[in-house]
Amino acid sequence: MKLSAAAVLALLSTAVAAVVLGLLILRIPTELLPQALSVLHREQRSGHELLLTEVHDLYRFHTVEYIYRSVFPYDYMAPHLSLASILRSIRAGSGSIADMLNEEEQRYLDAYNISLQAGLRTDTAAAEFVVVTVVVRAGFDLADTVFARPHEATPEELSSVFSVEEVHNAATGARLRIARMTTPPAVITDLRVEDVNPETYPYPDVSLSPDGWRSIAQFVRERARSETIGDGILRAAEQNGHRLLETLLLQLGYDRVELRTGNPGLSHENAGFRD
Amino acid sequence: MMGMTIVTVMRTRPRNVAHPQLSRPPRMHATCVLLLLFLAALGLLACRSESSIDIARIESRIRMLAELETAESVYRDIVYFGDARSFLFFRTMDRRLLFAVNLHVRAGIDLAEGFHLRPDGDGGVDVFMPSARVLIVDTDEQSIHQYFVREQGGRIGYLEFSGSIEEVKDRVASDAVARGLLSRAEENARVLVANLLTIAGVREVRFAGGQP
């Protein structure tokens, strides 16, 4: 039996009214009614559970900061290369992939694979990307040196770190006090991927899971480390650190300061510095 | 403002001019034709948007620092994000994400804010340096552990879950400070500076506050 539109509407209205009455009679919370009866409904929820897990003492002296910014994955996929050409090289060669590809091709392949795993679309139709900022800091890590724990150092270790020489200037007759200090080699003291603030990030959002973001961040972080070290960040850190220490020692009244790089570590510690 | 913007250019061109049977358009009232054209123009204006993804070439820069980083607190954050939409009684979107990540709160002293020594001429030194403060609150991406992700009806965006982490940074920093991170950082910084000066031949080190 065919029902007219009016009859269908009447039936529906009766059913809804019956449901509402039923809820009222059964004393089910009626504040849910608008939600149940609404045509479009959206529910968003977010939650955080924070737990303090560790507290550390640090003895890091940052003397240089280098901002490394890249567009993943396109900064690592040279335009003159393509996946097809790289696969051709692999098929034509023998041995491990690392042997068959040069550094540029390997970087292209790594970036491509990570994009694939993370779900970033790199085809020209979508061209998804993420701008990643890595803050690289360099300076001196003083944790395992006599500067952090001088009471554990032997007299020989202390004298090897700092000494004073008095020189008589025959021309002027003055006595010059020359301070000599040994600092550890400059190292990368901090390497962090800057968190994105959605309110200030000016680029389009992309579909990316936390796992995918972790892979991308790790890849870019490693590239930032090698490129900044290659660009001389450690040399700049050492120079700036020595400049600061020289200023400090001159304020103490020394006439001249000589700084050198060595190993002011404690003899009973494995004073290996991070690169 | 996030979102891809796309240029769409609508071309209207009579395709059937050469066809003899359709060479004359059907008769329509002039007012209706004008109204249709007006509505079409409004529709075009509503749909048209610009596509200008200006990916400027990124630069890198370097700057000098003089920062002592002397204490750190590490927090584990379990993050849940959920977004569900429905049309009448039908679920059209159900996105859920649960993951954990470490947040690092680091404190210390920025010597560039004012560091000065004043020897007293008798083997002692007054040290003027700024107070310790929170230098950075940052997530450790290597610590991310994703428990599950459900993406029915839409994928979760990178800015969505990163935004949820940004919301808690202030709370984490406040908690770390309340638990004594700053006093620990300042104590460690004073120890480091005092050790350096003692090694350099100073007999007495006195910390006199921020300004000489």
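Helices (H or I, at least four residues) and strands (E, at least two) are DSSP runs, numbered from the N terminus. The views show a predicted model, in which local features need pLDDT of at least 70, side-chain atom pairs count only at pLDDT 80 or more, and totals for chains, interfaces and linings use all residues. Residues are numbered from 1 along each chain as its sequence is written, chains are lettered from A and ligands numbered from 1 in the order in which they are written, and side-chain values use heavy atoms, with hydrogens and water left out.

**View 1. Chain B, with 3 helices and 6 strands.** Along the sequence, the elements of chain B run α-β-β-β-β-β-α-α-β. Chain B has 212 residues, and 38% of them are buried (under 20% relative accessible area, with exposed over 50% and partly exposed in between; 1.4 Å probe, protein chains only). Of the contacts (heavy atoms within 4.5 Å) in chain B with a separation of 6 or more, 77% join residues 24 or more positions apart. The accessible surface of chain B is about 12,800 Å², 56% of it from carbon and sulfur atoms; the area comes from the Shrake-Rupley method with a 1.4 Å probe, and for residues only the protein chains shown count as cover.

View 2. B:D110 is buried, with a relative accessible area of 14%. A polar atom of the B:D110 side chain lies 3.1 Å from the backbone nitrogen of B:A112. Leaving aside residues up to four places away in sequence, B:D110 touches B:A66, B:E67, B:P130 and B:R133.

**View 3. Chain A, with 8 helices and 6 strands.** The order of elements in chain A is α-α-β-α-α-α-β-α-β-β-β-α-α-β. Of its 275 residues, 41% are buried. In chain A, residues 24 or more positions apart supply 76% of the contacts with a separation of 6 or more.

**View 4. Packing of helix 3 against helix 5 in chain A.** Helix 3 (residues 83-92) and helix 5 (residues 103-118) of chain A pack at an angle of about 115°, their axes 10 Å apart; axes are lines fitted to C-alpha atoms, for helices over the stretch in contact, and angles run from 0 to 180 degrees between N-to-C directions. From helix 3 of chain A, residues A:L83, A:I86, A:S89 and A:I90 meet A:E105, A:Y108, A:L109 and A:Y112 of helix 5 of chain A.

Note on methods
Polar contact = N/O pair within 3.5 Å; in protein donor to acceptor, adjacent residues only side chain to side chain.
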